[in-house]
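Let's take a friendly walk through this fold, one element at a time. Have the viewer open and follow along.

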Amino acid sequence: MIAIIDYDAGNIRSVEKALLSLGEEVILTRDPKTLLEAERVILPGVGAFGDAMGRLEEYGLVEIIRRIVDKGTPFLGICLGLQLLFESSEESPGVAGIGILKGKILRIPEGTGEDNMPLKIPHIGWNSLDFTKKGRLFENMPREPYVYFVHSYYLKAEEDIVTARTSYGVSIDASVEKRNVFACQFHPEKSSETGLQILKNFVGIGR
């Protein structure tokens with residue numbers, strides 16, 4: 001069973017629908033016992049870093065997430081779910097993140113793209129991924145797959161955990177992997193067949 005953490009932070013149903021299309025058993029839950037017993041756990045998220053951390057704290061989920069990770073359960077953060085796994089974000093100064101991974105969450109700077117046109121923030125749309133090393137989420141992928149992004153803040157992580165990058169006026173660490181923890185800034189559930197393959201790869205880890 002795959003558990004999707006339900007903490008009122010958006011895009012949960014689209015993740016559920018994508019997994020169901022792969023034939024997986026899925027539950028939306030914030031129940032600690034159910035989360036700790038799940039075969040895999042996904043932390044999705046859309047919205048502000050500080051608000052999301054507040055809800056995770058309110059529901060007692062921060063320590064549960066740490067326990068899930070410590071016991072070796074495959075864990076996937078998506079979009080804001082990626083950012084929450086780090087220590088802090090420029091979006092919400094003074095708010096501590098879960099702190100499982102090390103890196104900085106920074107605001108995408110104002111500027112122009114390669115075509116000298118002003119960059120729109122938030123960054124919304126399809127961008128290609130550049131793989132920095134072999135990541136288990138990206139088995140059976142084309143060389144530079146396109147995936148769908150919606151975000152105003154981006155990750156600059158420790159080099160050794162980065163598996164893919166993209167560019168939007170600045171180099172963005174788009175996916176990371178550390179032992180049983182995986183995270184992506186983009187939305188695999190909205191990234192067509194490429195995204196479904198990424199979710200399929202996550203589901204297959206350890207099976």
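Which residue stands opposite Ala164 in β10? It is Phe131. Keep in mind as you look that this is a predicted model. Strand β7, residues 130–131, is joined to β10 (residues 162–167) by two bridges, and the two strands run antiparallel.

Now step back to the whole sheet. Eight strands make up an open sheet with mixed pairing, and their order is β2-β1-β3-β4-β12-β11-β10-β7. At the edges sit β2 (26–29) and β7, each of which pairs on one side only. Helix α6 packs on this sheet, where it touches β1, β3, β4 and β12. The direction of α6 makes about 140° with that of β3.

Next, turn to helix α1, residues 12–21. Its buried residues are Ile12, Val15, Glu16, Ala18 and Leu19. Seen down the axis of α1, these residues fall within an arc of 165°, so they line one face of the helix. On the face of α1 turned away from the buried side you will find Arg13, Lys17 and Ser21, which are exposed.

What covers the buried residues of α1? The cover includes β1, β2, β3, β4 and α6. The axes of α1 and α6 come within 10 Å and cross at roughly 75°, and the two helices are therefore roughly perpendicular to each other. Ala18, Leu19 and Ser21 in α1 meet Leu196, Leu199 and Val203 in α6. Of the residues in this contact, five are nonpolar, one is polar and none is charged.

Finally, α1 is followed by Gly23, which has a positive phi near 80°.

How values were computed:
Residues are numbered from 1 along each chain as its sequence is written. This is a predicted model: local features need pLDDT of at least 70, side-chain atom pairs count only at pLDDT 80 or more; totals for chains, interfaces and linings use all residues. Side-chain values use heavy atoms; hydrogens and water are left out. Axes are lines fitted to C-alpha atoms, for helices over the stretch in contact, and angles run from 0 to 180 degrees between N-to-C directions. Helices (H or I, at least four residues) and strands (E, at least two) are DSSP runs, numbered from the N terminus. Angles under 35 degrees count as roughly parallel, over 145 as roughly antiparallel, 65 to 115 as roughly perpendicular and the rest as oblique. Contact means heavy atoms within 4.5 Å. Ala, Val, Leu, Ile, Met, Phe, Trp, Tyr, Cys and Pro count as nonpolar, Asp, Glu, Lys and Arg as charged, and the others, Gly among them, as polar. Two strands pair if DSSP finds at least two bridges between them. Buried means under 20% relative accessible area, exposed over 50%, partly exposed in between (1.4 Å probe, protein chains only). The arc is that of the directions from the helix axis to the C-beta atoms.
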